[in-house]
Amino acid sequence: MGRRISYREALREALREALQADPRVFLMGEDVGRYGGTYAVSKGLLDEFGPERIRDTPLSELGFVGAGIGAALGGMRPIVEVMTVNFSLLALDPIVNTAAMLRHMSGGQFSVPVVIRMATGAGRQVGAQHSNSFEGWYAHVPGIKVLAPATIEDARGMLSAALADPDPVLIFEHAQLYNLEGELPEGAPPVVDIRSACIRREGSDVSLITHGGSLYKTLRAADELAALGISAEVVDLRVLRPLDDATIMASVRKCRRAVVVDEAWRSGSLAAEVMARIAEQAFFDLDAPLGRVCSEEVPIPYARHMEEAALPQVPKIVAAAQAVMGNNT
Amino acid sequence: MIEFKLPSLGADMEEGKLLEWHVKPGDAVKRGQVVAVVDTSKAAVDVEIWEDGVMHAILVQPGETVPVGTVLATVLAPGEAAPVVSAPVAVVAVAPVAAAIKAGPSAVVVSPVTRRPAVSPSARRRAKELGVDAENLHGTGAQGAVTLADVEAAAARQGGAVAQGLPIDRQQAMRRAIAAAMGRSKREIPHYYLSETIPMANALAWLQRRNAELPITERILPAVLQLKAVAMALKRVPQLNGFYRDDAFQPVAAVHAGVAISLRGGGLVAPALHDVAVKPLEQLMRELADLVKRARAGSLRSSEMSDPTITITNLGDQGVETVFGVIYPPQVALVGFGSVAVRPWVEGGELCARPLMIATLAADHRVTDGHLGAVFLTELRDLLQQPDSLASSSAVSGQGGKEK
């Protein structure tokens, strides 16, 4: 038996480990210090590591993300927390035009070893402007890596791998996962890679391909499908850029049917990219048109019943899987 | 409007798979032009069109397998206008009318959309491997599509090699086609057989003299002389040249000799060498070489596949003395040639050694009797004693037009 731990605590443990291990590592962001982080991830770290390494910043994403990139260029290993992906749009220029491109623009002279963490996703009745899922946008940009830890293990293990990477790494933490509890083995922290997708449940009839907060809805849908006699395999992308085509295609070739579940809107989405790659690489292995479950193309509503209706939900995933199965059930 | 249908490219052909169109709607086509490529179980065949006109609508798309007689495309006869395509009212705006009139009828051609049956990509690939006709299965998949499981279930029902997942390739398909045609022949055609030993000294000497003056590429093979002799002998006995259809013999004026060509890797085709009676030997030689090359490359034309009026097979090269042929329906005769070999022969009461060849006739007893068959073989023998007459006979009457 391992020890019981929350997703939030796993992230905090990873931060403490990084801060202890490398004096170049520091954490900066809005309310990360005295308040302990908007999602309480950094609670207690100010007391332990002091204001030099746990730095509260002004309300300017453009400013402090840019400062983090500068610190990385200067030899530090900054971890920048942006409160949510919604506010990261204010920092798109430093992230995309600077962090992602400096290695190229400098002819390989500069690398930007910055890690930027942020919460993403909807489902908490916080209104349209706080409920976006833009991780797919960042996954469009060459020069950065985009991670989506969905499990306790990945929450605990991905940060050190991200800090070890010489280029910018973005970590998207779905806001509904912070209270998730699970077990970690005692002893040394789990070692995870930031290259590969992962099969979270094995199946043989349909691949359900998802990431982040949608993983648990998808796993529940797989349970319901099993009761209907459909064996669903659940693929957790984990790394949104670069995508692990090999794992995706192996699963699709085995099941011959696929449904992509993505909380972002469908048009021009990461779901669309995954489907396009399947069509390019595994077309002749398909036994049905590809399916997907995305959010309705509306600003995510505030009202609970409407918000729930707008997002991917277990019954929608089950229905999409049944649709690609046809009468084979 | 002319309907361009999938022709029967041989008596054993029931369906064909359209591989490629060489024309598109709006293209002008001429009689005899190759417009499409169709895969039969034997070969990929260039299909010709037999009317002048303008391609109107393509009704069968590459990859589709359709029965013989299916309308592949519609063709506008010369001068014919494209039919007006009635469009939904909402689409007919006022402004574009003038432009449409200016553009003329050819700009308004709309091909009807033919949607092939839904077969999933993996099912389609597996069906090909298993030799299953996936498009005619009942689909259980998404949107009613035929799935991999449907194909494998169908293959299991078909049993045998298919159930074990052995791929059915073209050679097996060809084997089946030959089996069907030859089975039908032996079931339906009451064969009779005659044979005649033919002295070949004159013919060989004549060929040797003639070829001595020619570069290698223009030299004539004995096979061409045989073909020509058969065609000329058929002028004497036309009852052996044509088809038996609907309980009656249909004679054909021109001799389109089906030349049996064994394919590398197995199998057999007998495409037509057209109008053998009226073509000079040099031309026949060129055309025969071309025919053999194209048969082995798998690029025969539809007319060559569908209209041989008699089959000629020569197994002499393999050292076989006598060929007892099986008639290729609906033809009514097959002429077989064995090897040319020096054997004992009696001439003027003396025993001597002479190059000899045994020619055989397999003929359909519903059409001819042994007497006519004997007349044919003796005429064939005599003609081969006078090779000069074969060389000069090319100008002989008979327009040899194509029957269609």
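Hi everyone, let's start at one residue, A321 of chain A. Leaving aside its neighbours within four places in sequence, A321(A) is in contact with V206(A), L208(A), A221(A), L225(A), I230(A), A232(A) and V259(A). Please keep in mind that this is a predicted model.

Now let's zoom out to the core. The largest nonpolar core holds 113 residues, and those touching the most other members are A321(A) itself, L147(A), V206(A), L208(A), V259(A) and, from the other chain, V151(B). Which helix gives the most to this core? That is helix α1 of chain A, residues 7-21, with seven residues. Another core, of 85 residues, lies apart from it, and its members include L9(B), A43(B), V224(B) and L334(B). As a general point, nonpolar side chains in soluble globular proteins tend to be buried together.

Next, a pair of strands. In chain A, β13 (residues 258-265) and β14 pair in the parallel sense, over four bridges. One pairing to look for is V260(A), whose bridge partner in β14(A) is R292(A). Between the two strands the chain passes through helix α11(A), residues 270-281, and this β-α-β crossover is right-handed. Strand β14(A) spans residues 291-295, and four of its five residues are buried, so the rest of the structure largely encloses it.

Last stop: helix α5 of chain A, residues 92-99. Its buried residues are P94(A), I95(A) and A99(A). Why do they sit on the same side of α5(A)? Because they cover an arc of only 100° around the axis. What do these buried residues pack against? Their partners in chain A are α3 (61-73), α6 (102-105) and β5 (115-120).

Thanks, everyone!

Definitions and conventions
Residues numbered from 1 in each chain as written. Chains lettered and ligands numbered in written order. Predicted model: local features only at pLDDT ≥ 70, side-chain atom pairs only at ≥ 80, totals over all residues. Buried ≥ 20, exposed ≤ 12 C-beta atoms within 10 Å, placed from the backbone. Arc of directions from axis to C-beta. Contact = placed C-beta atoms within 7 Å. Pairing = 2+ DSSP bridges. Right-handed = clockwise from strand over helix to strand, strands pointing away. Core = buried A, V, L, I, M, F, W, Y, C linked by C-beta atoms within 7 Å.
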